[in-house]
Amino acid sequence: MTTSLTDVASSDAALRAFLHGLPGVDRVGADQRAAMLGTRSIKTTAKAQAIDLAISMVDLTTLEGADTAGKVRAMCAKAVRPGGGAPSVAAVCVYPDLVAVAAEALAGTPVKIASVATAFPSGRSTLDVKIAETERAVADGAHEIDMVIDRGAFLSGRYKKVYDEITAVKAACGDAHLKVILETGELATYDNVRRASWLAMLAGADFIKTSTGKVSPAATPSVTLIMLEAVRDFRAATGRQIGVKPAGGIRTTKDAIKNLVLVNETAGDDWLTPEWFRLGASSLLNDLLMQREKLATGRYAGPDYFTLD
């Protein structure tokens, strides 16, 4: 790295030079390593611990046009007490207009409230609108804001515009944490995933997140691996630890455990906590609960044993 990190964002040219000076990603090597780590087998007691850890890392999510206050209240109740003695999830994630509903339902519980903002999922809006939406969500009780970057600006090389928007939204968050969604399915190359990860971290992100869940492919193991390498290297360079949140397409216990292995083997066990790693999902929790029940009783629960989200 030839540019001092304190000077990286001093100009568009300096930011571009830094990001394009990052080591390139070996696509074949990244895919092979992610696939190899995905074959690790975890059994019995270790599997039970992994399932409870994964549950505690879930951002239980509903981001549909048909969302209602009643659906959010039901989801919040499940987030606090998933069932069978399982731990609470890390957070619920909802649209900004439903943050107040979630805040009322979760008052006095350890479950955080996350809200997508900044014209989710497209990111196509003016900065003043993005800031206003962020400030409103925080005022209504959001502890975490999941913002989307302007992929059009990023892909056309206007890195400073993306950087400035992230810093502005971070300032609007106040005490709330900022998760920056890269929408990796639209970034085209692994090199771009690495560059976008560093760009978000340099701009002040508390977490980097793979996807909105609205674009495919979303949270692939290879992309998650690259982002975990980025946060590991960023901490080595700056001393600042950043979280990672894969989201989109994580539906089964096997998927969740593969992600935990990726974390442990790539970034290290410092990230194996809900403070630094989250799983964005809507249907994952039920599968984790079913597998947990199977380990405890030796029998799979029926399909109607757990509520549908």
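This is a predicted model: local features need pLDDT of at least 70, side-chain atom pairs count only at pLDDT 80 or more; totals for chains, interfaces and linings use all residues.
Which helix gives the largest share of the lining of the second largest pocket?

Residues are numbered from 1 along each chain as its sequence is written, and side-chain values use heavy atoms, with hydrogens and water left out.

Now the answer. Helix α11, residues 253–266, supplies five residues, the largest share of that lining. Helices here are DSSP runs of H or I with at least four residues, strands are E runs with at least two, and both are numbered from the N terminus.

The second largest pocket holds about 260 Å³. Its lining has 14 residues, and Arg40, Ile42, Lys47, Lys254 and Ile257 are the closest to its centre. By type, that lining splits into four nonpolar, five polar and five charged. Nonpolar covers Ala, Val, Leu, Ile, Met, Phe, Trp, Tyr, Cys and Pro; charged covers Asp, Glu, Lys and Arg; the others, Gly among them, are polar.

A word on method. A pocket is an open set of points on a 1 Å grid over the protein atoms alone, where a 1.4 Å probe fits, with protein on both sides within 12 Å along at least five of seven lines; lining residues have an atom within 4 Å of a point. Points are joined across faces, edges and corners, and the volume is the space filled by probe spheres set on them.

Next, the largest pocket. Its volume is about 450 Å³. Of its 25 lining residues, Thr61, Gly213, Gly248, Ala281 and Ser282 are the closest to the centre. Helix α4 (69–80) and strand β8 (279–281) each give at least two residues to this lining.

On to the core. A nonpolar core joins buried Ala, Val, Leu, Ile, Met, Phe, Trp, Tyr and Cys residues through side-chain atoms within 4.5 Å. Buried means under 20% relative accessible area with a 1.4 Å probe, protein chains only. The largest core has 91 residues, and Val92, Ile166 and Val180 touch the most other members. Apart from it lies another core of seven residues, including Leu63 and Cys93.

Last, cysteines. How many disulfides are there? Zero, counting cysteine sulfur pairs within 2.5 Å.

Note on methods:
Buried means under 20% relative accessible area, exposed over 50%, partly exposed in between (1.4 Å probe, protein chains only).
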